[in-house]
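Here's a quick tour for anyone meeting this structure for the first time. Have a look at the sequence and the model, then read on.

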Amino acid sequence: MKLEPEQEGILKGGNGWIMAKAMETVVRYGEAFGAKRLVPIKSAHLAGTFGIGPFRAYIQILQQITSEGLKVKVPTTVNPRPGYNLNLINRRIAFPKQEHLEWLLKSIGITPNYSCVCYEKANVPSFGDRLAWAESSAVQFANSVLGARSNRNSILMDVCCSITGFTPEFGYLLDRHRRGQMLIRMDIRKMDASALGYLLGERVVDKVPVLEHYPFNRIELKNMGGAMAASGGVALFHVEGLTPEAPDLKSVFDAQPSATITITQKDLDSLRLRRPGVADMVVFGCPQMIYEEVLGLAEKFTGKKVRVPTWFCMVPHELALFREHELYGKTLDAGVSILEYCPLAALSLRLGKKHILTSSGKLLYYLKGADYGTEDDCLKACGVIS
Ligand code: F3S
């Protein structure tokens, strides 16, 4: 790989041994993927926000970074908190290092947004910006909906890029890897974007799917992308006539698509039937909900009482806005818990709640014992509609 003099200087130790090690890590990462150079990044997003025991090495490295007084070089946001103070098990057993980890992240200069939906307000990339983000759902939204460019970086690689300010140029940073590969047709009467994303992830795995035109809104794009990036390794999708790199089918494909897949209403419905049963708990918000999303949902709970524990998981600053709205109190009165945590982390160690119903394709994929329902299925399970 050819390095610029500034990069070479950092690698040789001109900015201290910790920075040299971070630069060496970034360079080796790039070499492994055939990158020819490093490029400056506009922002970073870190996924390592859970203070769990297996992150011992990660925490030690952050300690070394803080001991040298190093800070992030670019605006850097971070993923949600895990809900470590929700109960004794989470505090003592699951996330014993949480407070220390957050102190370390603050010391290196992160923006304390604590959300995977960083692209809404805290860290908004422009078209063409090169990024070093981790968190698959955020990477996918930045690539697909905003036209920015990031690979799916790992925990620690995101930190190394953030403190050096560089990332290797390969994969989704290059034009040739952003072209459409598979065409997706839809024979769907009632759209369920989260289920569609889940099924697409399973079927296209790591290809770049191009969906025929459908007027998805921003919330649907968020939830569809989050699911697609979990059940598959999709980091970029296009929607004909909607997302910025797909004004029409002709311009998004180099040649003919390698395959055409049709997703039907029956396919969507099949996801709801994989493990039918009675829900012990209902969870909304993975990726976390934004203000507009929670307003639409909250009005269904007005004047009702939930019959099973129900969680709304929200972006912290969107929750702050929601607290000012009259629906906030009404939602609490209905018995809903409104949280700013990642439900996956908060619920991974749990006692007594075996059967969790969710409208999130991402949570369905990752959370042991979760089942999928449309929003209406979930509302029925809560007992607020019949
Ligand atoms: Fe976000 Fe946690 Fe879901 S990081 S996408 S709320 S698993």
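Predicted model: local features only at pLDDT ≥ 70, side-chain atom pairs only at ≥ 80, totals over all residues.

Now take helix α5, which runs over residues 98-107. Which of its residues are buried? They are Gln98, Leu101, Glu102, Leu104 and Leu105. Look down the axis of α5 and these buried residues fall within an arc of 160 degrees, so they line one face of the helix.

What about the face of α5 turned away from the buried side? That one carries the exposed residues Glu99, Trp103 and Lys106. As for what covers the buried residues of α5, the list includes β2 (43-46) and α3 (56-67). After the helix comes Gly109, with a positive phi near 95 degrees.

## Rings that meet

How many aromatic pairs does a search of the whole structure find? The count is 13. One of them joins Tyr29 and Phe33 edge-to-face, with 5.7 Å centre to centre and 85 degrees between the planes. Is Tyr29 buried or exposed? Tyr29 is buried, because its relative accessible area is 13%, under the 20% cut-off. Phe33 counts as exposed, at 51% relative accessibility. Tyr29 and Phe33 also belong to one aromatic cluster with Phe170.

Another edge-to-face pair is Phe284 with Phe312, at 5.6 Å centre to centre and 90 degrees between the planes. This pair links distant parts of the chain: Phe284 is in strand β10 (residues 281-289), Phe312 is in strand β11 (residues 310-314), and they are 28 residues apart. Both Phe284 and Phe312 are buried.

Arg81 lies over the face of Tyr114, at 4.0 Å from the ring centre.

## Leu146, a buried loop residue

Where is Leu146? You'll find it in the loop between α6 (136-144) and α7 (157-164). Leu146 is buried, with a relative accessible area of 14%.

Setting aside neighbours within four places in sequence, Leu146 is in contact with Tyr119, Pro125, Ser126, Phe127, Phe141, Arg218 and Pro244.

Note on methods. Residues numbered from 1 in each chain as written. Heavy atoms only, no water. Phe/Tyr/Trp six-rings, centres within 6.5 Å; stacked < 30°, edge-to-face > 60°. Buried < 20%, exposed > 50% of the residue type's maximum accessible area, 1.4 Å probe, protein only. Helix = DSSP H or I, 4+ residues; strand = E, 2+ residues; numbered from the N terminus. Lys NZ or Arg CZ within 6 Å of the ring centre and 35° of its normal. Arc of directions from axis to C-beta. Contact = heavy atoms within 4.5 Å.
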